[in-house]
Amino acid sequence: LDVTIARGETVALVGANGAGKSTLLRVISGLQPLSAGTVSFYGQNLARCKAADRVHRGIVQVPEGRQVFAGLSVEDNLTLGAFSRRRDKTVPNDLDAMYQRFPILKEKRRLHAGNLSGGQQQMLAIGRGLMSRPSLMLLDEPSLGLSPLLVQEIFEIIRRLNKEQGVTLLLVEQNARVALN
């Protein structure tokens, strides 16, 4: 596979279950070792770069199935997204920005993340990823298990992220119609 994604671009990778889409994201984010070839980011080969170092370089993955920390509060989940920036004095400002972007999360900030609906958990997973201030966000099946109305809302959020913040997005999705729109 040879994929080039320009800065600020949104690329959708569409395919059936088992086609290797999620594996590709895990390889790019460093969660799965590369078996052959190279992964380059801003001209640097990341083949030997650990996952945590990739986050420091600006790559973040929003995993399939959201994978929020169910027993932690919404606010703790968001704050964990900024773990690599924990000494950065702007983290509280970014937390406020997430609450402005996702008002329902502010309303539920003290609740355990496991008590949120699927759509709210997806917003939380995206917000958690944004807290690291990524330049490349890898989104793995963001519509998985959501109602059609919530799918529309999540994809509108994704469009705004790209337009307003210039985040480069690699989106893996089975729902071809939604992804290609």
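Predicted model: local features only at pLDDT ≥ 70, side-chain atom pairs only at ≥ 80, totals over all residues.

Me: Why is L136 called buried?

Reply: A residue is buried under 20% relative accessible area, exposed over 50%, and partly exposed in between, with a 1.4 Å probe and protein chains only. L136 has a relative accessibility of 9%, and therefore counts as buried. L136 is found in strand 5; helices (H or I, at least four residues) and strands (E, at least two) are DSSP runs, numbered from the N terminus.

Me: What does L136 touch, leaving aside its neighbours within four places in sequence?

Reply: Contact means heavy atoms within 4.5 Å. On that basis L136 is in contact with I28, F41, G58, I59, V60, T168, L169 and L170. As for L46, which is 90 residues apart from L136 along the chain, the two C-alpha atoms are separated by 14 Å.

Me: What makes strand 5 and strand 6 a pair?

Reply: Two strands pair if DSSP finds at least two bridges between them. Five bridges join strand 5 to strand 6, and the two run parallel.

Me: In what order do the strands of the open sheet lie, and which are the edge strands?

Reply: The open sheet has four strands in the order 1-6-5-4, with parallel pairing. Strand 1 and strand 4 are called edge strands because each pairs on one side only.

Me: How do you know that strand 6 is mostly covered?

Reply: Six of its six residues are buried. T168, L170 and V172 point one way from the strand, L169, L171 and E173 point the other way, and all are buried.

Me: Why does S143 count as buried, and where does it lie?

Reply: S143 lies in the loop between strand 5 and helix 7. Its relative accessibility is 9%, so S143 counts as buried. Not counting residues up to four places away in sequence, S143 touches V151, F155, E173 and N175.

Me: Which residues of helix 1 are buried, and what do they pack against?

Reply: In helix 1 (residues 21-29), the buried residues are K21, S22, L25, V27, I28 and S29. They pack against strand 1 (10-14), helix 2 (51-57), strand 4 (59-62), strand 5 (136-140) and strand 6 (168-173). Just after helix 1, G30 takes a positive phi of about 90°.

Me: Why is helix 3 called oblique to helix 4?

Reply: Axes are lines fitted to C-alpha atoms, for helices over the stretch in contact, and angles run from 0 to 180 degrees between N-to-C directions. The axes of helix 3 (residues 74-81) and helix 4 (residues 91-101) come within 10 Å and cross at roughly 125°. That makes helix 3 oblique to helix 4, since angles under 35 degrees count as roughly parallel, over 145 as roughly antiparallel, 65 to 115 as roughly perpendicular and the rest as oblique. At this contact, E75, L78 and T79 in helix 3 meet L95, M98 and Y99 in helix 4.

Me: What makes helix 6 and helix 7 roughly parallel?

Reply: Helix 6 (residues 118-130) and helix 7 pack at an angle of about 15°, with their axes 10 Å apart. The two helices are therefore roughly parallel to each other. G119, Q122, M123, I126 and L130 in helix 6 meet L150, E153, I154, I157, I158, L161 and Q165 in helix 7.

Definitions and conventions:
Residues numbered from 1 in each chain as written. Heavy atoms only, no water.
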